[in-house]
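Subject: Handing over a structure for you to look at

Hello,

Below is the structure I said I would pass on to you, followed by notes on what was found in it. Please read the notes with the structure open beside them.

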Amino acid sequence: MKLKVTTNILTANEKIAEGNRALFDDAGVFVLNLMSSPGAGKTTLLEETIKRLKDRIRVGVIEGDIAGTDDAMRIDALKVPVVQINTGGACHLDANMISEVLEDIPYRELDLLVIENVGNLVCPAEFKLGEHMKAAVLSITEGHDKPLKYPIMFQESSALVINKMDLKPFLDVDVEKIKRDVLSLNPGCVIFEVSCKTGEGLDAWIAWLQTTIS
Amino acid sequence: MHEVSIAQSLLDVAVENCRTNGFSTIKHVRVLIGKASGVMPEALLFAFDSLKEDTIARKADLEIVEVPLRGECRECGKSFETEERYVLSCPHCGSVEYTLSSGRELTVADLEVE
């Protein structure tokens with residue numbers, strides 16, 4: 001016989017994400033899900049952000065990678081709480097992975113918890129973790145065609161950090177097209193042009209982040 | 001790329017619904033997959049067939065119904081539909097003030113069980 005179901009396939013994940021979100025709300029911590037391709041500069045942006053914010057607010061990080069602890073060690077060197085998740089092959093973090101490490105990170109004592117997702121422009125955008133906001137990083141070396149090739153990530157993100165702007169003189173990349181396409185996909189997206197290497201543009205990102213989380 | 005996770009969740013939903021309603025075998029699963037959901041139907045079918053083996057859905061076929069991206073423009077009031085994976089502006093008037101009503105579905109619609 002036929003059985004009507006009409007259930008969202010990701011319901012199980014979304015229920016766990018709602019549970020995480022309730023814990024975060026209760027603790028008064030703002031949670032940011034940071035996503036990008038591998039090598040766009042998520043960890044470097046995070047390092048530069050933490051350096052500028054850690055005397056003003058309490059920051060912690062959950063690092064997601066398929067394998068290794070390189071990123072967690074870089075964050076640990078800045079003396080802020082960090083926990084590393086190794087997905088062991090999975091191309092994204094899901095809500096359950098976050099739920100399982102929450103006892104290892106003192107999120108109740110934080111103002112900002114950043115979840116650095118697995119480097120991947122496709123899958124992380126589909127899985128809610130319980131975050132308050134998603135942000136994407138795109139480095140200009142990846143090319144200006146990426147927003148339209150991977151629309152979901154850019155539609156889901158409240159902010160986009162365009163990184164490696166110091167390399168612009170050496171590339172044929174059309175940064176205006178990146179901005180135009182992202183704003184067409186997601187008119188409310190706030191865009192920052194930065195170089196984590198030179199520090200260019202970081203002040204605007206930091207100021208915006210601070211206002212957003214408070 | 002994440003079709004294996006999606007296929008596993010889909011199987012979990014199907015198996016749970018089958019059991020809760022007192023049935024023991026799943027013969028057919030129909031899912032709605034939005035064109036803008038980022039899921040590749042071929043990869044989903046492959047993952048489903050690999051994962052179903054040791055479950056009560058091992059004899060089940062997966063039927064994927066693709067749902068096009070549809071929306072309505074808040075400026076000109078007209079509705080639109082496209083086979084593309086994204087919309088940049090209203091195809092009628094070019095406005096970016098539009099609301100999408102379908103295209104991101106990932107839904108188990110119904111099951112054939114016994």
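To begin with the sheet, 4 strands form an open sheet in the order S1(A)-S6(B)-S1(B)-S2(B), and the pairing in this sheet is mixed. The edge strands are S1 of chain A and strand S2 (61–67) of chain B, each of which pairs on one side only. From one strand to the next, the twist averages 20 degrees. In these notes, helices (H or I, at least four residues) and strands (E, at least two) are DSSP runs numbered from the N terminus, and two strands pair if DSSP finds at least two bridges between them.

Before going further, please keep in mind that this is a predicted model, in which local features need pLDDT of at least 70 and side-chain atom pairs count only at pLDDT 80 or more, while totals for chains, interfaces and linings use all residues. Residues are numbered from 1 along each chain as its sequence is written, and chains are lettered from A and ligands numbered from 1 in the order in which they are written.

Within the sheet, strand S1 (residues 2–8) of chain A pairs with S6(B) in the antiparallel sense over 5 bridges, and A:Thr7 stands opposite B:Val108 of S6(B). Strand S1 (residues 26–34) of chain B also pairs with S6(B) in the antiparallel sense, over 7 bridges, and here B:Val31 has B:Val108 as its bridge partner. Helix H2 (residues 41–51) of chain B lies across S1 and S2 of chain B and runs at about 160 degrees to S2(B), where axes are lines fitted to C-alpha atoms, for helices over the stretch in contact, and angles run from 0 to 180 degrees between N-to-C directions.

How many residues of chain B are in contact with chain A? There are 25 of them, and they meet 25 residues of chain A, a contact being two residues whose C-beta atoms, placed from the backbone, lie within 7 Å. On the side of chain B that touches chain A, the elements giving two or more residues are helix H1 (3–20) and strand S6 (106–113) of chain B, and the largest share, 8 residues, comes from S6(B).

Turning to chain A itself, its secondary structure comes to 8 helices and 8 strands, and 48% of its 214 residues count as buried. A residue is buried if 20 or more other C-beta atoms lie within 10 Å of its own, exposed if 12 or fewer, and partly exposed in between, with C-beta atoms placed from the backbone.

In helix H7 (residues 175–185) of chain A, the residues A:Ile178, A:Asp181, A:Val182 and A:Leu185 are buried. Seen down the axis of H7(A), these buried residues fall within an arc of 100 degrees, so they line one face of the helix; the arc is that of the directions from the helix axis to the C-beta atoms. They pack against several elements of chain A, including strand S6 (133–139), helix H5 (146–149) and strand S8 (190–193).

Finally, A:Leu78 lies in the loop between helix H3 (70–76) and strand S4 (82–86) of chain A, and counts as partly exposed because it has 14 C-beta neighbours inside 10 Å. Leaving aside residues up to four places away in sequence, A:Leu78 touches A:Glu47, A:Ile50, A:Lys51 and A:Lys54. The C-alpha atoms of A:Leu78 and A:Ile50 are separated by 7.7 Å, although the two residues are 28 residues apart along the chain.

With best wishes
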